[in-house]
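Here are my notes on this assembly, point by point. Please read them with the coordinates open.

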4 protein chains.
Amino acid sequence: MSETMVSLGQAVLDSQPFSVLLGARLTAFAPGQVELVVPLRAELLQQHGFVHGGVLSYAADNALTFAGGSALGKPVVTAGFTINYLKPAQGERLIARAAIVVAGKRQAVCRCDVFAATGPDEYLCAVAQGTIMMMGAGDADA
Amino acid sequence: MSETMVSLGQAVLDSQPFSVLLGARLTAFAPGQVELVVPLRAELLQQHGFVHGGVLSYAADNALTFAGGSALGKPVVTAGFTINYLKPAQGERLIARAAIVVAGKRQAVCRCDVFAATGPDEYLCAVAQGTIMMMGAGDADA
Amino acid sequence: MSETMVSLGQAVLDSQPFSVLLGARLTAFAPGQVELVVPLRAELLQQHGFVHGGVLSYAADNALTFAGGSALGKPVVTAGFTINYLKPAQGERLIARAAIVVAGKRQAVCRCDVFAATGPDEYLCAVAQGTIMMMGAGDADA
Amino acid sequence: MSETMVSLGQAVLDSQPFSVLLGARLTAFAPGQVELVVPLRAELLQQHGFVHGGVLSYAADNALTFAGGSALGKPVVTAGFTINYLKPAQGERLIARAAIVVAGKRQAVCRCDVFAATGPDEYLCAVAQGTIMMMGAGDADA
């Protein structure tokens, strides 16, 4: 079942051109939990050779959205999130692991840890917290 | 002088492979203020045809960093930021305008507004607030 | 009309025991905008003689809620907010000024500046950004 | 040793007039971890009979600061934090549990969970994430 969820989730990811540009893959997906991997390559770095903060924030944003969406079971959007960068990220891949803290009918609050990994070694490089909403629920559109 | 700052800032932007991948350009840069533009193209969208949240968070993150860096006058890093998505973004380009709220010796708190624009029309689609630090100052490295 | 809004708002504030404990007063209230004042006294300080961060976060939280509520026109709750402390706060009173950035049908994103003031002089000591929701809309309750 | 830390931490808490006003107590304190309790009473509520958001944000702010301070080992200040309110809080007491995620030389990023409790029963009502800094390190003062 979780494998089916991974396939379904990966299909959603593949339908996001920006996620395709970044090469993101869903490596685990279960109700309320997700693991998203971004293989690192030169194009994703900043001027000091570390992963650009924008890539970390992309990974956190998307992992939070998938975690929240898995529980709300409907099309969702990220209402917003906070990210703290902890250490410069470098290695073979980024791993963003997000989980729901509390899910309601129309909204879920989730947390995400972003790791940089090389082979079996990984270290935490950013932490995030965000709010996911069902599309149309509580939207800020006029 | 401001033109020189734009050139210098653009050179820094051009040294960030991820900013080159996204095609970001610095259109204004003065002490404590910056305007960064990301021309929109299909690769930057999500599955509903809107700009991916990760692109908005990239633009906010980078604009915050440049705004903070312009005042601290030294290599800086973004310690963290919060972003709230207000409306789905679509159009010809994203415009991220960031300004310093307060700058100290080693840290600056900045705000950023992200607009989606088509021709002369633009609308606000996200707001962010973040903290920029001098590299090595107050870092969270063990 | 704005005076009527101030009276109505002050009545709501007076119905919050914690706001009464802190002595908060509404000094301006118009659609999408609010000014809340907390007279400073020894009980609101921390160990270094500055205003306790919890008082600043109370003021920001409540001002954000009133600003958002004025536009949504229904009972609201604060979904969450981010606050950055800029300078130690001391003086005769805290002034929290909040305004809506964007309001939708069920949610509003607001920003707040918190000042410390003595007589006519004031300085910015914290900035906040938060999300206000109609009660029951998008709530995170199971 | 942890008992000594609790005594020392409680002494700091007792030196904060605002914490005394709120009746906060330190119930656990170890390197990188803290538990702070606020006994609930009528004065800490809002107009619907729930705990005022300002009390939750106070508890989160202070617990984050103590957690960070325990690792940095020097006088610290909270640079800023984000809080998401999950459920209306009511009961006999609030319990804020904070822990360090990563601590560096001058800064620590911490997370905090805030629970409402009655007797042995408790439920999560807010989650927070914040940054604690050594006083003077990276401060935003001009």
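1. A nonpolar core here means a set of buried Ala, Val, Leu, Ile, Met, Phe, Trp, Tyr and Cys residues joined through C-beta atoms within 7 Å. A residue counts as buried if 20 or more other C-beta atoms lie within 10 Å of its own. The model is predicted. Its largest nonpolar core has 217 residues. Within that core, A:L94, B:L94, C:L94 and D:L94 touch the most other members.

2. What does D:L94 contact beyond its neighbours within four places in sequence? The partners are D:V37, D:V38, D:L40, D:V51, D:V55, D:L56, D:A59, D:A89, D:V114 and D:A116. In chain B, B:L94 can also be placed by its strand pairing. Strand β2 (residues 33–39) of chain B pairs with β4(B) in the antiparallel sense, over seven bridges. There B:L94 in β4(B) stands opposite B:V38.

3. Chains A and B share an open sheet of 12 strands. The order is β1(A)-β2(A)-β4(A)-β5(A)-β6(A)-β3(A)-β3(B)-β6(B)-β5(B)-β4(B)-β2(B)-β1(B), and the pairing is antiparallel. At the edges stand β1 (25–30) of chain A and β1 (25–30) of chain B. Each has a single partner strand, so one side of each is left without a neighbour in the sheet. From one strand to the next the twist averages 20°.

4. Two helices pack on this sheet. Helix α3 (residues 53–72) of chain A touches β1, β2 (33–39), β3, β4 (93–103), β5 (107–118) and β6 (121–134) of chain A together with β3 of chain B. Its direction makes about 40° with that of β4(A). α3(B) lies across β3 of chain A together with β1, β2, β3, β4, β5 (107–118) and β6 of chain B. The angle of α3(B) to β4(B) is about 40°.

5. Now the contact between chains A and B. It involves 33 residues of chain B and 33 residues of chain A. On the chain B side, α2 (17–22), α3 (53–72) and β3 (76–85) each supply at least two residues. The largest share, nine residues, comes from β3(B). By class, the chain B side has 16 nonpolar, 13 polar and four charged residues.

6. How do the two β3 strands meet? Strand β3 (residues 76–85) of chain A and β3(B) pair in the antiparallel sense over five bridges. A:I83 stands opposite B:F81 in β3(B).

7. The contact between chains B and C takes 10 residues from chain B and 10 residues from chain C. On the chain B side, β3, β4 (93–103) and β6 (121–134) give two or more residues each. The largest share, four residues, comes from β6(B). The residues of that side divide into six nonpolar, four polar and no charged.

8. The same surface serves both copies: 100% of the contact residues of chain B recur in chain C.

9. Chains C and D also form an open sheet of 12 strands, with antiparallel pairing. Its order is β1(C)-β2(C)-β4(C)-β5(C)-β6(C)-β3(C)-β3(D)-β6(D)-β5(D)-β4(D)-β2(D)-β1(D). The edges are β1 (25–30) of chain C and β1 (25–30) of chain D, each with a single partner strand, so one side of each is left without a neighbour in the sheet. The twist averages 20° from one strand to the next. Helix α3 (residues 53–72) of chain C lies across strands that include β3 of chain D, running at about 40° to β4(C). Helix α3 (residues 53–72) of chain D lies across strands that include β3 of chain C, at about 40° to β4(D).

10. Is β6(D) enclosed or open? In β6(D), 10 of the 14 residues are buried, so this strand is largely enclosed by the rest of the structure. Nine bridges join β6 (residues 121–134) of chain D to β3 (residues 76–85) of chain D, and the two run antiparallel. D:V76 has D:M134 as its bridge partner, and D:G80 has D:T131.

11. Another 12 bridges join β5(D) to β6(D), also antiparallel. Here the bridge partner of D:R111 is D:Q129. The hairpin of these two strands has two residues between them, and D:G119 takes a positive phi near 55°.

Definitions and conventions:
Residues numbered from 1 in each chain as written. Chains lettered and ligands numbered in written order. Predicted model: local features only at pLDDT ≥ 70, side-chain atom pairs only at ≥ 80, totals over all residues. Contact = placed C-beta atoms within 7 Å. Nonpolar A, V, L, I, M, F, W, Y, C, P; charged D, E, K, R; others polar. Pairing = 2+ DSSP bridges. Buried ≥ 20, exposed ≤ 12 C-beta atoms within 10 Å, placed from the backbone. Axes fitted to C-alpha atoms, helices over the stretch in contact; angles between N-to-C directions.
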